[in-house]
Every structure is written in structure tokens, then in C-alpha cells.
Amino acid sequence: MSPSKKIVEVVIPTGIGKTLHYSVPPAFEPRIQAGMRVRVPLGPRQATGYVVDWVKTAEVLTLRDILEVLDATPLLDQWLLDFTRWAADYYLAPWGRLLQYAVPPIAQRKDRRAIQIPPPPEQAQELRAAYRPDRPGSEQLATEEIVAAVRAGLYKVFLLRAHSRLAVYLKAIDTTLKTGKSCLLLVPEILQIEPIATQLKLMLGLDPLIIHGELNPRKRLDNWLKIKASKNSVVIGTRSAVFAPISNLGLIIVDEEQDISYKQEESPRYHARDLSLVRARGSGAAVLLGSAAPSMESYYHVQTGKYHGLRLHEEASHSPAVEIVDLREAPRSGFVSEPLKKAVVRHVAKGDSIALFINRRGFAHGIFCRDCGYTARCPSCNIAAAYHKETRQLRCHYCGRIQPPIDSCPDCRGARLIAVGSGTERVFEEVKTVLPEARIERLDRDLIGGKKKRREVAARLAETRAEVFIGTQLLLSWSELPTFSLIGLVWADQGLHLPDFRAGERTFQLLTLLMQRSKEEVLIQTYTPDHPAIQFAAQRDYAGFAQTELETRKALGLPPYRRLIRLVVNGRREGPVQRAAESLAAILHRMAGEKDRTGEDKGRFDILGPVPAPVSKRRSRYRWHLLLRGRDPGPLHHWAAAGIQAWTNKNPATGIKLEIDVDPLQML
Ligand SMILES: [Zn+2]
Ligand SMILES: [Zn+2]
């Protein structure tokens, strides 16, 4: 390498943890800029990477030249580089992995064509009609505060706790656009994009730009380019839209902010709601978080004054009557108790639509031998395999592995097998025997996978006009459903006993959201009628629940009072996995100890575990986990990163992998 050549720092969008340095041939020097794609040599191969910076001195002695510059203008703006770098540091993930979300998938192919970035259209928003809110009042007051922050270009976070939030969203979006800025609206589910886009069209005459994972690559690139070119647009999307190249951002709305779909459950394990705050802070935008039952974290931030809480005066007259059915005492022959059966029959006789909720697909939780206690399990995950009667399969809900059903016990050859627990298929059968003439529909992921299947189901629903819907969480996000006069929760405490400290919060939120879908009556079947999550939900007392829950979290040192990082060590043999997890913990303990001796306050960090994860085997890999806990994210992350680095340098046994989950939402 000649010393006169300039050097650039390049990120390769794969799992490579660090940035690489390359020299720039003089011919490329005048036109190369940060944010452009380049072809570079990588070992014996070539790769496409992103120029992220110029550097003065290289880390290695022999530098290799950049082979080709692929773009005429930078694909990534500087703020997007800064944002993704911040996210990579925070989530302890390779920067390249985060950059993958900031560019359309097509730009990551070996396709060498430059992506032409069009100039901004002159009148992007000419479709826009004047919007007059038809219901002034508390909505007006709430939006005025948001609008003031948007106008002032202030980073401010609002938490709107209300059931109907659309009017506030529309008004806030309308005003933001009028100030000449752009809006980003995040929703947890692809299914929720279309209805809200339709509302924006109808009420504001807007044509929002849409970003989600099911768009075909062409359309995605097309929308990405339009977003990049526009200075005054509305973008709607799911999780990854938080990386959309919107410049001139005035407002980010995160609807159903408590929804765990905002957290990606594979690396990089980022949280779109939390990242939206970072984005907004960087661009002086306001954030509006909306939910009927906000996360404990967001509610806590309102209590401490970090966020600004907003409420609407919602009429209590819409609230349905709620009855709790104690499954330990209620007369029943199956999973639907007599009181619930009677209510179903009564409502259907009136010609109303009703819904029964059960949060599990399939027919039964598992197959169990009455003679020897054998349980049919997934061989890869060692977890009970659910029985799907309709397709005659045993299916693992963790890895998807399918096995043929069994007619006799493989252990004792006995034939007394029973299907334990319930799922949508079983509840369907039960209701069918009570109401053989009724039009009943099942609604779960087994029926609705992908766009095509969804359209088929939507068409069938429109045609059959079902009276009884039996479904999972899809009941909440499927917009083509009628209003229900009765909602029955077949097993409300189903998720309550999972080994996860957020089980109570999730149950409360689920109940709250389901209850609001019924206009007359709600029946909650439960084995634990006295649990706070059930009681407070039935009384519609969010503040009461939050106070109880936060007191517990505080006493136990759990989020939002402490920060967590979850480390899962996995591998094909259990012995090496356990030893690797223990050595990781030992290194971290030692490092925490060293910090103590340097005079920093003791007990700032601690480690829970290592122990086998609740799902101790998944896809044939054994799993051990440990939780790192600390008060402040900065030092905690620093400690974790240093510990993981030291552990990696010591070369754990081959085939051992580490999952890093910062601010984990799943503990299984
Ligand atoms: Zn048996
Ligand atoms: Zn499995």
C-alpha cells in the first residue's frame, strides 16, 4: 500500500463483529462518501460493504484496495449510520447486522447496479384534505400538547393510555405534516397496517408509505426510495420500519406500545419502541406511545416524570359486564363451563356474534399415557408436543417439528392415551356439540399463514357471516371481525404460571385488550380467580394493577428498577454447554470483583444463574442461561461486553454459541 492512499472504514453486513479498513485507489477518492456501498476483497472472496467513515491510521499493516464503488450517492445518511451504530453498541450486536435493516434487501444482493435516489417530489402531499376533528374535548387537549412539542422540534415522550386512540393519532399526524415534517407510525402486526392506512386515506386524504417484511423486494425498494426522497410523508410499518430512511422527522407514534412483537427474538434483539425514542432524541422529534394497558416500563417513566402521561375521558357506559367463572367449582364436562355454554347459547339465539379466546392452537396440549405417565415430546426440544387432530399430527410449537400421532404408548405398549389440555380445535369441537347448527369459525396461525391464506380466510368470513369465533390472539389483530356481544376467555390464567416475571403483566394486558372487544358481556374462566392480574383486569383498574406489580418488581430488583441482560449458551452436548456457561459466569464475577476493588460501589452488578433455561433444549441444542443485572445501563453493558469478549478469547469448546439479549422480554 502506498502511504498516500486514503483509508476508509467498512462494515460488512454479516455477523462480522468489527469494522474493516481498506485503502482507496486514487480514482475512487473524489467520489467515495460515507454511506455508499463498495465491493471489497474479504479473504479469498469478495463482499459488499458500507463505507462508514474515513480513518487516519489503519489497524493492520497491509491494507487491501477497495475494488469498486457501487453507488453514485450515499445510500445511507450520516444519521442512519450513527443510529445503527448506537443500536449495535447497545444491543451488543454486530453493526453490520443492524445496517441490514436500514437498507432494502435488494441492496444487499450481489447486484452491482447503483440504486438511483430520485430527487424529492415537489408537492408530496397534494392529496391532503383539510381535517376537522368531529369530537373535540379531551382528545383535543391531548393532541394540543403533542402538537406543541412537534412545532417546537422538541424531544418529548408522551404515553397515551386510552382504548380509542385513533382520533388523537390522526390529529397529531395532520398537524405534524402541516408543520412540514414527517411522521412514522409503528404497529405491532402486519394485519394492523391496512386498517389504519385506510383511515388515513379516508380522514386525511393521505397515502402513507408502507414498510414491512411481507412486501416483495421490488415494492420494498420502491417505498424505501420514496421515503428517502420525501421530506413530508407518513410512513406506517412494523418493527423494522424504525430504520426507515425518514429525514425531517417530527413525530413517531408507537401503537400498542406494550406489544412484545416490537422486540426481535433473534439477533440483533432490538426493541423498536425503545429505538424509536433514540431516533426521536437524535432528530428532535416527539414520541407518542399508545396503549390501553401500557408496559410497566412506560408507566413507571410517567410516574418518575420522564414521560408525559395523557388520558382521555372515555365513557364507561361502553364497558361490558364482567363475570369470573372459577373453574375449580363451576359445573363442566369439558373446557367450556356450564355458565359459559349458557351465555354462548343465549347470545347466539339473539343473533349476535360472540368470541371464545384460547391462547393455543391445535387440539390438546399434549398426549399422555394414563398407565405409565409417558408424555409425547418433541425429540429436538424435549417439550410436550401439541396434538393437532385436524391434520393428525403431533407438533412442537417451539421448533415446528412434526411427528405422526401415536395410537399406543411407546414405553408400556398400553392403549390408554389421553389428550390433556385444550386448544382452539378442541374448544371448536365442544361448541359444535352444543350448537350443531351454528356457524362457527376458528381463527389461529394454523389457518392464517401468509398473505394468500389470509385473503382466503377474509373472503370466507365475509361470506359465511359466522356467529361464533374461536381464536387465539388473532382475535385482537384481525380487523375484519364483527363486534362481539360476548367474549369468553376459556382459560384466562393459561400464561400466568410461566417461569417469567412478566407473566402477570402479560395476562393483565391480554385480558384488558380482549375485554374491550366485547360490547355486552365478558366471561373469564380461571383456576386462580384471586390472582391480582385477573382481579384488577376484571375491575378495569389499570392503576391498581400497576401499583401492585411495580411494588413487587421493586422488592425483587426487577425491571423497570433494574436493567437485565440475558445470556444463553447453547450447544449439542449438555456437559460442554454447562461448563461454558459456568466459565462465562466466572469471568463476569471476577470482572465485577475487580471493579469493586477499584473503589466503585459494591453490588452494582450481580449474576443470576447460570442454570438450565426453562426451555432447556431447543432444536436439538441444550440451553443454559444467566441473567446479568445492574442499575445503570452504561456500566452494565460495558461489563457484559468486556466479559463476553474475554470469554470468547478463551475459545469455548467448538459448537458452543452465545445468544445475547439486552433488555430481554422472554425468559424461556
Ligand atoms: Zn405408557
Ligand atoms: Zn421442538
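Trainee: Which strands does helix H5 lie across?
Mentor: Helix H5, residues 193-204, lies across E7, E8 and E9. It runs at about 160° to E9; axes are lines fitted to C-alpha atoms, for helices over the stretch in contact, and angles run from 0 to 180 degrees between N-to-C directions. Helices (H or I, at least four residues) and strands (E, at least two) are DSSP runs, numbered from the N terminus.

Trainee: What kind of model is this?
Mentor: It is a predicted model, in which local features need pLDDT of at least 70, side-chain atom pairs count only at pLDDT 80 or more, and totals for chains, interfaces and linings use all residues. Residues are numbered from 1 along each chain as its sequence is written, while chains are lettered from A and ligands numbered from 1 in the order in which they are written.

Trainee: What does the chain's pLDDT average?
Mentor: The average is 88, and 93% of the residues score at least 70. pLDDT is the predictor's confidence in each residue, from 0 to 100. Over residues 121-133 it is below 50, and this stretch has 24 contacts in the model beyond near neighbours in sequence. A contact means that two C-beta atoms, placed from the backbone, lie within 7 Å. Where pLDDT is low, the predicted coordinates should not be read in detail.

Trainee: Back to the strands. What order do the seven strands have in their open sheet?
Mentor: The order is E8-E9-E7-E10-E11-E6-E12, with parallel pairing. Two strands pair if DSSP finds at least two bridges between them. At the edges are E8 (209-211) and E12 (308-311), each pairing on one side only. Within the sheet, E7 (182-186) and E10 (249-255) pair over five bridges, and Leu-186 stands opposite Val-254 in E10.

Trainee: Which helix packs on that sheet and touches E6?
Mentor: H4, residues 166-178, does, and it also touches E7, E9, E10 and E11. Its direction makes about 165° with that of E10.

Trainee: Is H4 mostly covered or uncovered?
Mentor: Mostly covered: eleven of its 13 residues are buried, including Tyr-169, Lys-171 and Asp-174. Buried means that 20 or more other C-beta atoms lie within 10 Å of a residue's own, exposed means 12 or fewer, and partly exposed is in between, with C-beta atoms placed from the backbone. Just after H4, Gly-180 takes a positive phi of about 85°.

Trainee: Which residues have a positive phi without being glycine?
Mentor: Arg-413 is one, at about 65°, in the loop between strands E18 and E19. Arg-413 is exposed, with 10 other C-beta atoms within 10 Å. Ser-620 is another, also at about 65°, in the loop between E25 and E26. Ser-620 counts as partly exposed because it has 14 C-beta neighbours inside 10 Å.

Trainee: And where are the cis peptide bonds?
Mentor: One runs from Pro-559 to Pro-560, with omega near 5°. Pro-560 lies in the loop between helix H15 and strand E24. Another joins Gly-609 and Pro-610, with omega about 10°, and Pro-610 lies in strand E25.

Trainee: What about the five-strand sheet, what is its order?
Mentor: E2-E1-E4-E3-E5, open and antiparallel. E2 (20-24) and E5 (68-69) each have a single partner strand, so one side of each is left without a neighbour in the sheet. Five bridges join E1 to E4, and Val-10 stands opposite Val-51 in E4.

Trainee: How many helices and strands does the chain have?
Mentor: It has 17 helices and 27 strands. Of its 668 residues, 41% count as buried.
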